[in-house]
Amino acid sequence: MYPIARKVTRAWGEIHKRHPTVYKIHYPQHISRLKRRDFARVIQKTCSLPKDSLILEAGAGSGRDSLYFSTIGHKCVALDYYLTPLLSLKDTKTSHTSNLSLAITSGDIFSLPFPVNTFDMVFNSGVIEHYDQESRTALLEELTRVAKTNGFVCVIFPNKYHILDPLWGDLISRFSDHDEYDIPEQFKSTEQITKEMNSVGLHSATVEWIDVYDTISHYPYWVPLRLLSYLANVLLPWPPRFMRKKLATRILAIGSKRPANSDVAHRRS
């Protein structure tokens, strides 16, 4: 494991120790609401995954996206290094009324315990921005390795260009223990992520600015603000591109695995 990766992994371990419920899915009965979220919309439009697609969330945290995809008929695997969020997800799955195809497993995202060409889609959210370029490239290469030929690799990271990002950072520093863990978000370039995705054998890398209305409730995460955000999303689900680029709270990058990627894929198999 790369030095920066070890540092980030230790930091997340400390977070789970101090805040064991930080990634708990509090209202799993409302998981279907994620169909209104930009991530689900863009995936449906861009990837057009058929029912029963095999999906891996590598670095799952709460695993709520895996839970959602499994509720609409996909076969999902939620992987994380630490057991704390995985056990919480397991409890959530058990309490769910549907019979879900959702496997929950522990593992290292830099050395995934799966063969080459396994998944129709591999994704994670809030992961890649914590690593330097060398580690990011290694991680993208590993995600690509386990994706099927012509399958998709998707990464989601915060929009550090957001006009309110400095304010949010200051509020989070003042009113939480976030800074004690020393895991800065050091990555923000959409051009760089596209270049890195292309370098590991992903083509047609597209970037979308998502979750514009989370600007309203991003921080503080108060219920009235969340309701206002939800209402705005219902009234105008997909705002104009100029608005998304300025106000999106997250960025989604999607690449498709090239058939010619076999040399790269097998190098890490």
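So, Cys-154 is buried, at a relative accessible area of 1%, where buried means under 20%, exposed over 50% and partly exposed in between, with a 1.4 Å probe and protein chains only. Cys-47 is buried too, with 7%. Keep in mind that this is a predicted model, where local features need pLDDT of at least 70, side-chain atom pairs count only at pLDDT 80 or more, and totals for chains, interfaces and linings use all residues. Residues are numbered from 1 along each chain as its sequence is written, and side-chain values use heavy atoms, leaving out hydrogens and water.

Now the whole chain. We have eleven helices and seven strands, counted as DSSP runs: H or I of at least four residues for helices, E of at least two for strands. Of the 269 residues, 48% are buried. Look at contacts, meaning heavy atoms within 4.5 Å: among those between residues at least 6 apart in sequence, 80% join residues at least 24 apart.

The C-alpha atoms fill a box of roughly 50 × 40 × 40 Å along the principal axes.

Last, charges: 34 positive side chains and 27 negative ones, with the centres of the two sets 5 Å apart. Lys and Arg are the positives, Asp and Glu the negatives; His and the chain ends aren't counted. Each charge is placed at NZ of Lys, CZ of Arg, CG of Asp or CD of Glu.
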